[in-house]
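Welcome to this short briefing. Please open the sequence and the structure side by side, and we will walk through a few places together.

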Amino acid sequence: MKKSSSNRFICIHGHFYQPPRENPWLEAVEVQDSAFPYHDWNERVTAECYAPNSRSRMHDNDGRIINIVNNYEFISFNFGPTLLSWMSEYAPEALRWIIEGDRLSCERYNGHGNAIAQVYNHIIMPLADSRDKETQVKWGIADFRYRFGRQPEGMWLAETAVDTATLEALAAEGIRFTILASRQAKQCRPLGKKMWIALDGNVDTRVPYFCCLPSGRKIAVFFYHGAIARSVAFEGLLSNGDNFYNRFLSVFDWKEDNVRLAHVATDGESYGHHHRFGDMALAYALNQIYKDSRVEITNYAAFLEQYPPQWEVMIHEDSSWSCVHGVERWRADCGCNTGHPGWHQGWRAPLRLALDSLKERLDRLFELKGAEYFNGPWAARNAYINVILDRSPESINRFFKEQGRGVMSRESRVSALKLLEMRRHSLLMFTSCGWFFDEISGLEATQILKYACRAIQLARAFGEDLEGEFVTSLEKAPSNVQEYSNGRGVWEKIVKPAMVDLERVLAHYAISSLYHERIDQDKIYCFDITCHDIQVDSHGSSDLAVGRLSASSRLTLEEKDMTYAVLHFGGLDFHCALRPSRSPEEYEGLGRQLFKNFQDGSPGEVYAVMIKEFPERDYRLKDIFVEERRKLIEIALKPRLEEYNETFERLAMQDEGTIRSLAGLSYPIPRQMLVAISNGLDWHLVRAAQALPSAGTFQAISTLWEHGRSWNYQPYREKLNRILTLKLEEVLEKLRKLDPKPVLASAHEVLEVARMFNISVELWRSQNLFLDFCSECARPEPDLRKSFEDFALRIGLSKEILQWPG
């Protein structure tokens, strides 16, 4: 990055964050249909925003890509720790580029990176007590160090919600600065002066400020430009990169010589998710700024080192960027909402009070029981982040060596870990998103209630049942949805049915065992499964499985060993029963009895024995975790769906001539006929597309397409788009392993099929794969180089962007 000859700097900050979506019992995000065609909203927003910003496109006048920019190398940013945890497993490539952007910025700015930390799980800090404030900051810093390999200099506050105690918590941990909205500045004065200047929201955002704290510490504060932030978020500023760039230039008074900083902070999701192609507008603006010798791109830490504050500021206590009433949005019906006419938010205050009361009970339990296991319970909670980040046996052993009271038995460790998980969920249940939206039965509010449910469940291990009192408190939280009436209805209909224990995990695995090959050591989400024995038999449309399983939680180390029997009557009628394992002889006798009745053709007798031998709860298909449930439903329905396909195929073949004649006569094809013939063609085309690029497949697809065109067939484009997008990526991944010429030929074949059906496949990852290969392989011979250039043009790249080593 060039050094500016002027004293004008520009900094763009993106706050990248998603509400936690993981199942609190499984530690994983389950499928979310509203995010289709993606698995869940984390995956969708990553595809639309987080990943594109790591390799953002710049185009020439013909729309071809001439440059790719890692925006994270040039903007200030923070990512929520809970989001980064998800990305580390499900979007590692995007995370790698994010970290690389920070690393390169450290090189550019004398060790001052673009990335800053965030309070751990996005709680409203002014509403937290001092212990929770401390843990949120310590955990946020530890997570940042773990991801970025350095100490953070700044920290983002959830919703920029702030009070003096929060700033004290940041400064006590060595945080040098934070970012706030301009209306959060109350008054200011030059350093060393006594007279305060009232601001009334008119703070000069172009300079930094020190906030001097009662402890004697101080922390720098940057107040972002509110008007630009509003234009980015709500007024379409990102529709034009030049307008975005020029908006920053308008902040400066070009006649003055003082050092000035034009800067903005918004939700990072504006750059691609909220506003399509927002990442490209950002990349374009960054390039324009880079080329403009009058200004320089910077980040907050680098600016702070060169130009420390000359002004002191006093903040408005209990203020935020997303509620004009301070922090009332997270504890009252203040009027701030997301726009459901006629709805109230009278549930917010009772929900806050219910969770505050639950937290007090959990705090007392933690202090009382924690003293039995830890040298200092609260210090142990602060240190527990190291286990959250690394749950390996070595990490857990190290934690107990440092925090535990002497040598601890396995049972003591299980209890200690349950206490710490209880406290983790009691922090998660205050995630700000739970109050932000309009309804207590919404996804975000039910998510924090699920965290509360998990904390209550863990407290039961220590003889405390806190559910009754908590649910009674929820009755005071009215719902806008008649079905639920109030928070109790939400708890009973949405939250409590989601609860998971080791028995439900084992029931899930047991029912799945009907269709899966035996694996002695397996995993389900955050649980380890040991299969000691399994026997499966089928008779007609019925199935029976009997076995013995153990499950162990990787979070608490709790274990359970159970014997099970699963009876499938056919269709979607599954019954599973469990009981604690007894002697091998008893297990073998049970199996003999059940299988004898089953082989005699009497599933009813089998079920009667199951009721007698397994008197506890009966698990059904609805108790299986959603993704495996869907797989089992697909397996169970497969024979019936094949019958449908065969019927449609037979009818379509019988009426093929008639349908062609109707099309030739311009007579609308009757719906019944259209359904039959379209279904058959859909099925054949999807199978053929999945088989690409095998020999003969392209010709088969062409034949099917010509057949369909004769009667104006409309293909299942949405599904074919997804198949062809993934197929093209799969082909290009082979560039590093195989001869490039046939690989490119196969890729052309996939693209030709897409052209045939007028489908615009998603090219973003395919372009990356191709460019990465070109940047790593030796300079090709002229004929191969021509093949590369032709393919580049076909996938929207300019020839000039191809770079060969050496």
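Over how many bridges do β15 and strand β16 pair, and in which sense, parallel or antiparallel? The two strands pair in the antiparallel sense, over four bridges. Keep in mind as you look around that this is a predicted model.

**The six-stranded sheet**

- β15 and β16 belong to an open sheet of six strands, which runs in the order β15-β16-β17-β18-β19-β20 with antiparallel pairing.
- At the edges stand β15 (521–524) and β20 (618–619); each has a single partner strand, so one side of each is left without a neighbour in the sheet.

- Met 58 has Asn 67 in β3 as its bridge partner.
- Five residues lie between the strands of this hairpin, and Gly 63 takes a positive phi near 85° there.

**Gln 767 in helix α27**

- Gln 767 has its place in helix α27.
- Is Gln 767 buried or exposed? Gln 767 has a relative accessible area of 7%, so it counts as buried, the cut-off being under 20%.
- The side chain of Gln 767 makes a polar contact of 2.9 Å with the side chain of Arg 57.
- Leaving aside residues up to four places away in sequence, Gln 767 touches Arg 57, Ile 65, Ile 795, Gly 796 and Leu 797.

**The second largest pocket**

- This pocket has a volume of about 1500 Å³.
- Its lining counts 46 residues, and the closest to its centre are Tyr 38, Ala 47, Glu 48, Glu 762 and Trp 764.
- Which element provides the largest share of the lining? That is α1, with eight residues.
- By class, the lining of the second largest pocket holds 19 nonpolar, 13 polar and 14 charged residues.

**Helix α19**

- Ten of the eleven residues of helix α19 (residues 502–512) are buried, so the helix is largely enclosed by the rest of the structure.
- The buried residues of α19 include Leu 502, Arg 504, His 508, Tyr 509 and Ser 512.

**Enclosed cavities**

- How many cavities of 30 Å³ or more does a search of the whole structure find? The search finds four.
- The largest cavity has a volume of about 50 Å³.
- Its lining is made of Ala 354, Ser 357, Leu 358, Arg 361, Leu 466, Glu 469, Phe 470 and Ser 473.
- By class, the lining of the largest cavity has four nonpolar, two polar and two charged residues.

Definitions and conventions: Residues are numbered from 1 along each chain as its sequence is written. This is a predicted model: local features need pLDDT of at least 70, side-chain atom pairs count only at pLDDT 80 or more; totals for chains, interfaces and linings use all residues. Side-chain values use heavy atoms; hydrogens and water are left out. On a 1 Å grid over the protein atoms alone, a cavity is a set of points where a 1.4 Å probe fits but cannot get out, and a pocket is an open set with protein on both sides within 12 Å along at least five of seven lines; lining residues have an atom within 4 Å of a point. Grid points are joined across faces, edges and corners, and a volume is the space filled by probe spheres set on the points. Ala, Val, Leu, Ile, Met, Phe, Trp, Tyr, Cys and Pro count as nonpolar, Asp, Glu, Lys and Arg as charged, and the others, Gly among them, as polar. Buried means under 20% relative accessible area, exposed over 50%, partly exposed in between (1.4 Å probe, protein chains only). A polar contact is a pair of N or O atoms within 3.5 Å; within protein, one must be able to donate a hydrogen and the other to accept it, and residues adjacent in sequence count only if both atoms are side-chain atoms. Contact means heavy atoms within 4.5 Å. Two strands pair if DSSP finds at least two bridges between them.
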